[in-house]
Amino acid sequence: MSPWRMTRWERGEPPPGTDTASDPGEPVTGADEPERRHEALVSVRLGPSAPGSHLVEYLRREPCAVAAWWIAADVDAVVRLSADSITVLHRAVADLRLRAGVEVAEANYILRALDLTRPTDPRTAKESPAWVGSAA
């Protein structure tokens with residue numbers, strides 16, 4: 001790729017929001033802010049001649065592979081990938097397509113987790129009963 005089309009991260013320049021006075025390239029995070037990880041759920045359909053054991057062996061060696069599940073659906077498996085940068089995550093998805101005997105790989109990138117905790121009632125500062133909900 002041409003250096004003019006590369007992002008600052010790919011050229012090695014510090015990303016916005018980094019403190020150059022501290023360790024170079026280390027992002028500034030608050031004490032209560034978790035480290036940002038980029039993740040994807042990849043739906044995989046194996047090629048007609050690719051055995052499932054080939055995919056399993058590939059995923060065992062792939063450092064970005066966090067978890068995988070065999071699925072009874074239009075796809076054969078779902079793979080969860082996680083990386084420190086979006087560039088590494090894109091490369092892991094591309095490698096999965098090229099090297100693991102995968103015919104189809106559809107990546108769904110995770111933006112953020114949903115908060116599934118039960119909301120509290122601000123008027124009473126107690127948990128709302130399960131039957132209380134929005135009228136909308």
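Modeller: A strand here is a DSSP run of E with at least two residues. Keep that in mind as we look at this predicted model.

Colleague: Does arginine 112 count as buried or exposed, and why?

Modeller: Its relative accessibility is 70%. Exposed means over 50%, so at 70% arginine 112 counts as exposed.

Colleague: How far from glutamate 39 is arginine 112, in sequence and in space?

Modeller: They're 73 residues apart in sequence, yet C-alpha to C-alpha the gap is 9.2 Å.

Colleague: What makes up the largest nonpolar core?

Modeller: That core has 20 residues, and the ones touching the most other members are Val42, Val44, Leu55, Leu81, Leu96 and Val102. At least two core residues come from each of strand S1 (38-46), helix H2 (52-61), strand S3 (77-83), helix H3 (86-99) and strand S4 (102-110).

Colleague: What does leucine 55 contact, beyond its neighbours within four places in sequence?

Modeller: Its partners include Val44, Trp70, Leu96 and Val102.

Colleague: How do you know which residues join H2 to H3?

Modeller: Contact needs heavy atoms within 4.5 Å. His54, Leu55, Tyr58 and Leu59 in H2 meet Asp95, Leu96 and Arg99 in H3. Those residues split into four nonpolar, one polar and two charged.

Colleague: And how do the axes of H2 and H3 cross?

Modeller: At roughly 150°, with the axes coming within 11 Å. The crossing of H2 past H3 is right-handed.

Notes:
Residues are numbered from 1 along each chain as its sequence is written. This is a predicted model: local features need pLDDT of at least 70, side-chain atom pairs count only at pLDDT 80 or more; totals for chains, interfaces and linings use all residues. Side-chain values use heavy atoms; hydrogens and water are left out. A nonpolar core is a set of buried Ala, Val, Leu, Ile, Met, Phe, Trp, Tyr and Cys residues joined through side-chain atoms within 4.5 Å. Buried means under 20% relative accessible area, exposed over 50%, partly exposed in between (1.4 Å probe, protein chains only). Helices (H or I, at least four residues) and strands (E, at least two) are DSSP runs, numbered from the N terminus. Axes are lines fitted to C-alpha atoms, for helices over the stretch in contact, and angles run from 0 to 180 degrees between N-to-C directions. A crossing is left-handed if the near helix is turned anticlockwise from the far one by less than a right angle, and right-handed if clockwise. Ala, Val, Leu, Ile, Met, Phe, Trp, Tyr, Cys and Pro count as nonpolar, Asp, Glu, Lys and Arg as charged, and the others, Gly among them, as polar.
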